[in-house]
Each structure stands twice: as structure tokens, then as C-alpha cells.
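Biologist: Hi! Could you walk me through this one?
Modeller: Happy to, have a look.

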Amino acid sequence: MPENLAYALTQVLHNFGGVAVVGVPVFALRAAPLPSERETRLARLGALGWAVQIASGAGLGAVSYYYYGRLPDIHGVAVAALVTKLACAAGGLALALRLQSRAERWNEVQRKLSWRALAALAATALAAAAFLRWFS
Ligand code: HEM
């Protein structure tokens, strides 16, 4: 089934992006204190993870549209879960990019707060994913 393969390959990207957005800030917090150049590189990796999530999430919708001629018909809790994921992804990408460009100027407290916020956004999106899946 070509649509199953398209879904599965897009979901592979989406799953690895999910691992990156959760794993990178958890690693940065556990490994702290790190030199600011390493935090810059980690923030870049985190931003890449969020960008992959946005692209592959949109890709899952695109596969559905391509093969079935419409987007998944979701209501109520599933819509709230999707909006939560979108908000987390937009905030996570913006914050990771900001941390990437400012890590060398920010002090340790500012960097730690940013990593905590990134971890919280990723955990929220991951929790919302379960509600999107089972209320769709
Ligand atoms: C722009 C943001 C996002 C969009 C548009 C999006 C969209 C989607 C869609 C359409 C699905 C398939 C749902 C289904 O099988 O019914 C999905 C699954 C999933 N998403 Fe996202 N997503 C986004 C962000 C995220 C983020 C940030 C994470 C994790 C941190 C994430 C984690 C997951 C996981 C783990 C699944 C698989 C759920 C399962 O089948 O049990 N997503 N996403």
C-alpha cells in the first residue's frame, strides 16, 4: 500500500524529531554546566528537531490529503491536542533559535531557564500526541 509506506516514512521522521526535541534539552540540563559554544550547537540541533516536527507533522496531513482528498476529520479533544502541538512547536522553534543565537551572551541562569522551557514544551507536545492519536 503506497499510502501506508508514505505514512510510515513520514512518521519515522516525526518520531525521530520527537526524540530530538525531548532528548536535547534533557541532555543539556543533565550535562550542565557546558561551554556556551556547545550549548549553541545543541540549541541548533533542538531547532532542527522542531523544524522536522513541523515539516513532518504537516507531511502527515499532506499524505492524508493526497491519498484521500481531505485532511483527517478531527473534533473536540483531537483539535485541542493538535492546536497544543502547533503552539508548542512554534514556541519551541522560536526559543531554540533564540538560544542558538544568544547562548554566548546569556548567563547560565538564562540558558538553564531556556532549556527547561524547551523540555516542558516538548513534554507537553508529546503528551498531546497521545490525545491526538486516540481522540481522532
Ligand atoms: C506542527 C506540529 C505538529 C503537527 C502538525 C503534528 C501532526 C501529527 C499528526 C497528523 C500525527 C498522526 C496522528 C494519528 O495517527 O492520528 C502525529 C503523530 C504523532 N506526533 Fe505529531 N505533530 C506535530 C508536532 C509534534 C511534536 C512537537 C511531537 C513531540 C514532541 C509530536 C509527536 C508525535 C507522536 C509521538 C505521534 C505518534 C502518535 C501515535 O500514533 O501514537 N508531534 N502528529
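Biologist: Is Arg-133 buried or exposed?
Modeller: Arg-133 is exposed, because it has 10 other C-beta atoms within 10 Å. The cut-offs are 20 or more other C-beta atoms within 10 Å for buried, 12 or fewer for exposed, and partly exposed in between, with C-beta atoms placed from the backbone. Bear in mind that this is a predicted model: local features need pLDDT of at least 70, side-chain atom pairs count only at pLDDT 80 or more, and totals for chains, interfaces and linings use all residues. Numbering starts from 1 along each chain as its sequence is written.

Biologist: Which helix is Arg-133 found in?
Modeller: Helix α4. Helices here are DSSP runs of H or I with at least four residues, numbered from the N terminus.

Biologist: On to the ligand: which residues come nearest?
Modeller: Of 21 residues around the ligand, the nearest are Gly-18, Gly-57, Ala-125, Ala-129 and Arg-133. A residue counts as near if its C-beta atom, placed from the backbone, lies within 6 Å.

Biologist: Which elements give two or more residues to that shell?
Modeller: α1, α2, α3 (76-102) and α4 (108-134).

Biologist: What classes of residue are in the shell around the ligand?
Modeller: There are 13 nonpolar, six polar and two charged residues. Ala, Val, Leu, Ile, Met, Phe, Trp, Tyr, Cys and Pro count as nonpolar, Asp, Glu, Lys and Arg as charged, and the others, Gly among them, as polar.
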